[in-house]
Amino acid sequence: GLGNVIYLRTIRDALALREMSHSEKTVVVVGGGLLACEVAASLRQSKLKVAIMHRHQSLMNRYLDPETAAWVTEQFVKHGVTLLMGSSLNGFEGKTVLRNIQTKSGERVAAGVAVVACGSEPNLEIVRNTPLSGPHGSPVTEYLETEEKGIYAVGDLAFYPDRLMGGMRRQTHWENAREQGLIVGANITGKKRQRYEQIPYFWTEMFDLKFDFIGDFNLTPTRVQLSGSYAKGRFALRYFQGEKLRGIVLCHHGASDVAAAKSELRQSLGK
């Protein structure tokens with residue numbers, strides 16, 4: 001309930017953050033993943049004083065290998081973002097409006113605004129205590145249909161079988177929600193039902209960097225193949241588990257390269 005602490009979940013949150021940034025020029029972003037990095041980059045480009053508090057030593061560590069994550073972290077430093085790495089959030093301090101952020105080590109960081117972007121769980125309140133609710137989201141079939149016939153789930157909520165990469169998956173990028181929505185729309189209105197069979201994909205932009213992530217990034221790769229160079233800011237990474245290609249990361253590539261990467265991954269999976 002403390003003022004000036006923002007959780008980016010709705011357009012209202014985004015508008016509130018924009019309004020606060022006009023009067024409060026010191027922002028601390030809590031987290032180090034996709035949303036945290038995008039928000040920090042956007043605020044910094046608006047000439048605000050921005051710091052990132054992250055419990056790990058590198059940004060984007062969930063998706064990138066250690067060397068690439070360290071390089072991305074250095075890009076944020078070059079753009080003037082203050083890094084509070086290895087710091088875990090303990091709480092917020094202030095009477096009615098935020099004044100300090102406290103770490104578990106006891107450090108106090110002054111802040112006019114805090115943006116909390118360190119992960120979220122799907123809102124299952126509407127289906128709690130029904131077959132539509134599960135520990136990782138709402139379970140669906142390959143047609144994105146729940147156990148209740150005629151009820152479908154897409155986007156952040158849908159815990160679906162990945163027929164290409166294997167296992168069950170829940171994607172939290174709007175690109176995925178859009179693609180699944182097209183499938184569900186077709187399955188509701190059409191006679192011939194369609195399976196959701198797409199290589200997992202999401203993308204992000206931070207400062208002058210654009211990354212495309214194609215494949216599965218849930219496991220730490222056993223081997224990383226780099227083509228291109230960090231120095232030029234244009235490269236491709238291939239992540240392997242043993243001899244199996246599991247993911248491709250593209251930095252500063254076009255749509256045709258993304259399509260080629262998806263095809264390469266499908267072929268490597270024998271699909």
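Exposed, in this talk, is the word for a residue with over 50% relative accessible area, and buried is the word for one under 20%. One caution before the examples: this is a predicted model.

I'll start with two residues in loops. Lys47 lies in the loop that runs between helix H2, residues 34-45, and strand E3, residues 49-54. Is Lys47 buried or exposed? Its relative accessible area is 72%, so Lys47 counts as exposed. The backbone here has a feature to note as well. Phi of Lys47 is near 75°, which is positive although the residue is not glycine. For background, most residues other than glycine have a negative phi.

The second residue is Leu144. Leu144 also has a positive phi, near 70°, and is not a glycine. You will find Leu144 in the loop between strand E9, residues 138-139, and strand E10, residues 158-161. With a relative accessible area of 0%, Leu144 is buried.

Three strands make up an open sheet, in the order E9-E10-E11, with mixed pairing. Which strands are at the edges? They are E9 and strand E11, residues 168-169, and each of them pairs on one side only. Between E10 and E11 the pairing is antiparallel, over 2 bridges.

Next, the nonpolar cores. The largest one has 42 residues, and those with the most contacts inside it are Val29, Met60, Phe76, Phe211 and Phe213. Helix H2 gives the most to this core, with 7 residues. Apart from it lies another core, of 13 residues, including Leu164, Ile199, Ile214 and Leu265.

If we leave out residues up to four places away in sequence, Phe213 touches Met60, Tyr63, Leu64, Pro200, Tyr201, Phe202, Thr204, Ile248 and Val249.

Now Gly215, which is in strand E13, residues 209-215. Gly215 is buried, with a relative accessible area of 5%. What is Gly215 in contact with, leaving aside its neighbours within four places in sequence? The contacts are Met165, Ile199, Pro200, Arg246, Gly247 and Leu265. As for distance, Gly215 and Ala16 are 199 residues apart in sequence, and their C-alpha atoms are 35 Å apart in space.

How many cavities of 30 Å³ or more does the structure hold? There is 1. The largest cavity holds about 60 Å³ of space. Its lining consists of Asp216, Phe217, Leu219, Pro221, Tyr239, Phe240, Gln241 and Arg246. By class, that is 5 nonpolar, 1 polar and 2 charged residues. Strand E15, residues 234-241, gives the most to this lining, with 3 residues.

Conventions. Residues are numbered from 1 along each chain as its sequence is written. This is a predicted model: local features need pLDDT of at least 70, side-chain atom pairs count only at pLDDT 80 or more; totals for chains, interfaces and linings use all residues. Side-chain values use heavy atoms; hydrogens and water are left out. Helices (H or I, at least four residues) and strands (E, at least two) are DSSP runs, numbered from the N terminus. Buried means under 20% relative accessible area, exposed over 50%, partly exposed in between (1.4 Å probe, protein chains only). Two strands pair if DSSP finds at least two bridges between them. On a 1 Å grid over the protein atoms alone, a cavity is a set of points where a 1.4 Å probe fits but cannot get out, and a pocket is an open set with protein on both sides within 12 Å along at least five of seven lines; lining residues have an atom within 4 Å of a point. Grid points are joined across faces, edges and corners, and a volume is the space filled by probe spheres set on the points. Ala, Val, Leu, Ile, Met, Phe, Trp, Tyr, Cys and Pro count as nonpolar, Asp, Glu, Lys and Arg as charged, and the others, Gly among them, as polar. A nonpolar core is a set of buried Ala, Val, Leu, Ile, Met, Phe, Trp, Tyr and Cys residues joined through side-chain atoms within 4.5 Å. Contact means heavy atoms within 4.5 Å.
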